[in-house]
Amino acid sequence: MQRVPQPPVNPALRDLERHDFWPGFIAALIGIILTFCGVRHLTAVDTVDGGNAWETQLIKAFTFDGMQYASKVTSPPPPRGDNPEALERWARQNREAEAPNWKVRVDTAAKTPCPT
Amino acid sequence: MECPVPDCKQRQPNELGRKLKRARPWVQTGFLGVWLAPVGQWLHGFPSCVFHCYSCPLSSFACPIGIAANYAALIPVTLEIPYLLLGVLLLVGAASGSLACGWACPFGFVQDLLGKIPIRKVALPAWVGYTRYAVLLGLVILLPLILGFKGIPYGDQVISICRLCPAGALEAGLPASAQSVMAGHGWPMSWLKTLILVAFVGSALFIHRPWCRIFCPLGGLLALFNRISLFHLRFNPKECVECNLCRSRCPMGVNVDQKVNVSGCIRCLECSTCGALEPCFAVPKESSKPALPK
């Protein structure tokens, strides 16, 4: 057994660190209540399919890159080539495209294995 | 420094301490079966209580730190209270403090294994433990809160702590990169994350549990409960023969001869080998009840 020489100790001066039962018990009880609340918690975040996301769905979306932010939604790229009609159609579609009426939503079907 | 106890070298660990020391690697291995479920990812909607990347192909639960950072990034858009995350951490912390760090955390287990390589370890001052709270406040809460989902503008990364996390590099980046190299597609992990991984492995050879001691925001959070948790360590002055075995056995450099239920402790219970420190449960009466038979 590896031993490292240590300075002398004085057990008489040592802090006994009395542990009370109730703070830990109450904190654990609050933890249990919060966990149950979380499992049944319907968040204010919408899902892609409509309706609100459960908290478990929200957490799952974090882990599978399923969060969609409205400010992150980009317009489609312009058409390739020198076709002026296609270019004009793309510009018109972009003008007519309405801003999404949501700020953030959850794609419950997202399955990106590594969001980071 | 000479040890002041004359028969210091002859003193042997007590039976309970020996048993705990033998059992710990097996318990840690057993918990790998929980965190690395063979079916993988089936409980990703639920936070775990240990530091384990949810991008790992076999992770069964979600990383609590990744969840916290994502919730913080959500605040500029909509305020959501993470009931599940708070509940799990409060429950685990209040019940056992940082016991999960010492006995269940897969990333801690990796560091324990790396630490077994016989290289002289560097001692760290106790104050380095406070940087864990700076990481928690700065990288996990404030940075995503300020930058939102955009995160630090670096490649496709969105959450700052995940980008810098060595657990992500080891458990998710390394398998994916190895797979990519074997398929002939090159090394996809960013140079920054690769560098972090190399630095982490290197430091784990010279410092016992460097991530846990210096950076781990989850360990820092759970350790805050050490003072009130139901499971705790109790000092029995009648058993103390001033051999200081408890302190010399502590791999985390905690001055357990002065105070043991502190934030630097990971509850590995190595200090209980001396017999004067015993793992206990708090009971409604005045004294605690020993958690394990001697």
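**Notes on chain B**

1. Let's start with a helix pair: α2(B) passes α6(B) in a right-handed crossing. Bear in mind while reading that this is a predicted model. By class, the contact of α2(B) with α6(B) has nine nonpolar residues, and no polar or charged ones.

2. Here is how the two helices sit. Helix α2 of chain B covers residues 64-74 and helix α6 of chain B covers residues 131-147; their axes are 7 Å apart, and they pack at an angle of about 30°. Angles under 35 degrees count as roughly parallel, so α2(B) is roughly parallel to α6(B).

3. Who touches whom? On the α2(B) side you'll find B:I65, B:A68, B:A69, B:A72 and B:A73, and they meet B:V140, B:I141, B:P144 and B:L145 of α6(B).

4. Now the sheet. It's an open one in chain B, built from three strands in the order β3-β4-β5, with antiparallel pairing. The edges belong to β3 (231-235) and β5 (289-290) of chain B; each has a single partner strand, so one side of each is left without a neighbour in the sheet.

5. Looking at one pairing in detail, strand β4 of chain B (residues 277-281) is joined to β5(B) by two bridges, and the two run antiparallel. B:F281 has B:K289 in β5(B) as its bridge partner.

6. Finally, the wider view. Chain B has twelve helices and five strands. Of its 294 residues, 51% are buried. Take the contacts in chain B between residues at least 6 apart in sequence: 66% of them join residues at least 24 apart.

Conventions: Residues are numbered from 1 along each chain as its sequence is written. Chains are lettered from A and ligands numbered from 1 in the order in which they are written. This is a predicted model: local features need pLDDT of at least 70, side-chain atom pairs count only at pLDDT 80 or more; totals for chains, interfaces and linings use all residues. Two strands pair if DSSP finds at least two bridges between them. Helices (H or I, at least four residues) and strands (E, at least two) are DSSP runs, numbered from the N terminus. A residue is buried if 20 or more other C-beta atoms lie within 10 Å of its own, exposed if 12 or fewer, and partly exposed in between; C-beta atoms are placed from the backbone. Two residues are in contact if their C-beta atoms, placed from the backbone, lie within 7 Å. Axes are lines fitted to C-alpha atoms, for helices over the stretch in contact, and angles run from 0 to 180 degrees between N-to-C directions. Angles under 35 degrees count as roughly parallel, over 145 as roughly antiparallel, 65 to 115 as roughly perpendicular and the rest as oblique. A crossing is left-handed if the near helix is turned anticlockwise from the far one by less than a right angle, and right-handed if clockwise. Ala, Val, Leu, Ile, Met, Phe, Trp, Tyr, Cys and Pro count as nonpolar, Asp, Glu, Lys and Arg as charged, and the others, Gly among them, as polar.
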